[in-house]
Amino acid sequence: MAPEEDAGTELLLQSFERRFLAARALRSFPWQSLEAKLRDSSDSELLRDILQKHEAVHTEPLDELYEAMAETLMAKESTQGHRSYLLPSGGSVTLSESTAIISHGTTGLVTWDAALYLAEWAIENPAAFTDRTVLELGSGAGLTGLAICKMCHPRAYIFSDCHSRVLKQLRGNVLLNGLSLEADITANLDSPRVTVAQLDWDVTTVCQLSAFQPDVVIAADVLYCPEAIMSLVGVLRRLAACREHQRAPEVYVAFTVRNPGTCQLFTTELGRAGIKWEAEPRHDQKLFPYEEHLEMAILNLTL
């Protein structure tokens with residue numbers, strides 16, 4: 001096989017691997033590319049050899065296998081599952097996530113596409129986070145923050161959300177990925193100081209936000225309705241007021257453009273709040289499995 005064919009096959013295998021580990025829907029797998037590969041004569045011969053070797057082993061499935069399958073089919077469906085997202089370092093971020101998009105009255109128990117997109121951007125731009133204190137608004141399952149903690153070497157990272165079930169899952173995911181929470185006296189000094197904070201955008205104060213002393217503030221996929229947008233802009237106003245006590249943080253908001261009207265409302269409200277913004281250029285890295293046809297954006301806000 002030619003070197004370029006080897007490279008193409010490797011990329012295809014990686015694509016399947018990333019989607020499999022992240023438990024993506026089967027329809028998102030590159031089946032057409034696989035079919036094209038298998039039509040190649042050399043690949044077809046290889047596939048035929050594998051099948052022939054399998055057929056040559058005349059063994060019957062174990063009774064235990066049937067019993068295990070029966071138990072699985074009769075068992076109550078789990079509401080939680082694990083997904084893994086591979087990092088360029090060779091490591092991964094593994095998350096416990098809900099198996100339902102909406103669970104316990106919140107959408108924060110799953111990873112949304114803009115979180116993956118923002119994590120890719122962060123990995124491509126580590127200087128924005130290295131040796132800095134990062135506050136994430138609406139952390140959800142924690143993918144973006146955990147990727148930043150593992151790849152960008154922040155000094156401190158504050159995950160935040162307002163839903164009790166999301167906060168419980170967040171704490172579990174932090175520990176699942178080998179990081180320690182700030183109160184842990186056995187924390188690794190080489191790792192960032194990690195905090196999981198309850199933060200209600202509608203009631204948090206300038207004083208509370210100033211206590212975090214963030215250098216950078218990020219948020220992903222939080223522009224899902226007008227009410228959330230108004231609450232977010234309110235938090236950004238209060239973060240801007242922190243300038244009386246310290247330098248205003250840099251802010252990056254990532255979102256999937258599902259409804260242009262929703263995006264327009266956000267930028268309009270930013271203008272009314274006196275917050276300037278500019279769009280970050282699209283980044284080149286495609287590390288995580290999400291729908292490629294989706295339009296993503298990251299806004300850099302100046303408070």
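This is a predicted model: local features need pLDDT of at least 70, side-chain atom pairs count only at pLDDT 80 or more; totals for chains, interfaces and linings use all residues.
**Close-up views of side-chain contacts and backbone features**

View A. D215 forms a salt bridge with R155, and the closest N and O atoms of the two side chains are 3.0 Å apart. Because D215 lies in the loop between α8 (206-212) and β6 (216-220), whereas R155 lies in the loop between α6 and β4, the pair ties together parts that are 60 residues apart in sequence. A salt bridge also joins R155 to D131, with 3.7 Å between the closest N and O atoms. R155 is partly exposed at a relative accessible area of 33%, whereas D131 counts as exposed at 51% relative accessibility. The value for D131 passes the 50% cut-off, which is why D131 is called exposed. D215 and R155 are bridged, and salt bridges that share partners join D131, R155 and D215 into one network.

**View B. A salt bridge between R132 and E250.** A search of the whole structure finds six salt bridges, and one of them is shown here. R132 and E250 form this salt bridge, their closest N and O atoms being 3.2 Å apart. The two residues belong to distant parts of the chain, for R132 is in the loop between α5 and β3 while E250 is in strand β7 (residues 250-256), 118 residues apart. R132 has a relative accessible area of 18%, and R132 is therefore buried, as this value is under 20%. E250, with a relative accessible area of 25%, is partly exposed.

**View C. The aromatic pair of Y85 and F288.** The whole structure contains five aromatic pairs, one of which is formed by Y85 and F288. The centres of these rings are 6.3 Å apart and their planes stand at 80°, so the pair is edge-to-face. Y85 is in strand β1 (residues 80-86) and F288 is in the loop between β8 (276-279) and β9 (296-302), so that the pair links parts of the chain 203 residues apart. Y85 is buried, with a relative accessible area of 1%. F288 is buried as well, with a relative accessible area of 1%.

View D. W121 counts as buried at 4% relative accessibility, and Y252 counts as buried at 7%. Together with F129, the residues W121 and Y252 form one aromatic cluster.

**View E. A lysine charge over the ring of Y290.** The charged end of K286 sits over the ring of Y290, at 4.1 Å from the centre of that ring.

**View F. Packing of helix α9 and helix α10.** Helix α9 (residues 226-241) packs with helix α10 (residues 260-272) at an angle of about 30°, and the two axes are 10 Å apart. This angle makes α9 roughly parallel to α10. The crossing in which α9 passes α10 is right-handed.

**View G. Loop residues with positive phi.** Most residues other than glycine have a negative phi. Phi of H153, however, is a positive value near 55°. H153 is in the loop between α6 and β4, and H153 is exposed, with a relative accessible area of 55%. Phi of D221 is also positive, near 55°, in a residue that is not glycine. D221 is found in the loop between β6 and α9, where D221 counts as buried at 13% relative accessibility.

Methods. Residues are numbered from 1 along each chain as its sequence is written. Side-chain values use heavy atoms; hydrogens and water are left out. A salt bridge is a side-chain nitrogen of Lys or Arg within 4 Å of a carboxyl oxygen of Asp or Glu. Buried means under 20% relative accessible area, exposed over 50%, partly exposed in between (1.4 Å probe, protein chains only). Helices (H or I, at least four residues) and strands (E, at least two) are DSSP runs, numbered from the N terminus. Rings of Phe, Tyr and Trp (its six-membered ring) pair if their centres lie within 6.5 Å; planes under 30 degrees apart count as stacked, over 60 as edge-to-face and the rest as tilted. A charge sits over a ring if NZ of Lys or CZ of Arg is within 6 Å of the ring centre and within 35 degrees of the ring normal. Axes are lines fitted to C-alpha atoms, for helices over the stretch in contact, and angles run from 0 to 180 degrees between N-to-C directions. Angles under 35 degrees count as roughly parallel, over 145 as roughly antiparallel, 65 to 115 as roughly perpendicular and the rest as oblique. A crossing is left-handed if the near helix is turned anticlockwise from the far one by less than a right angle, and right-handed if clockwise.
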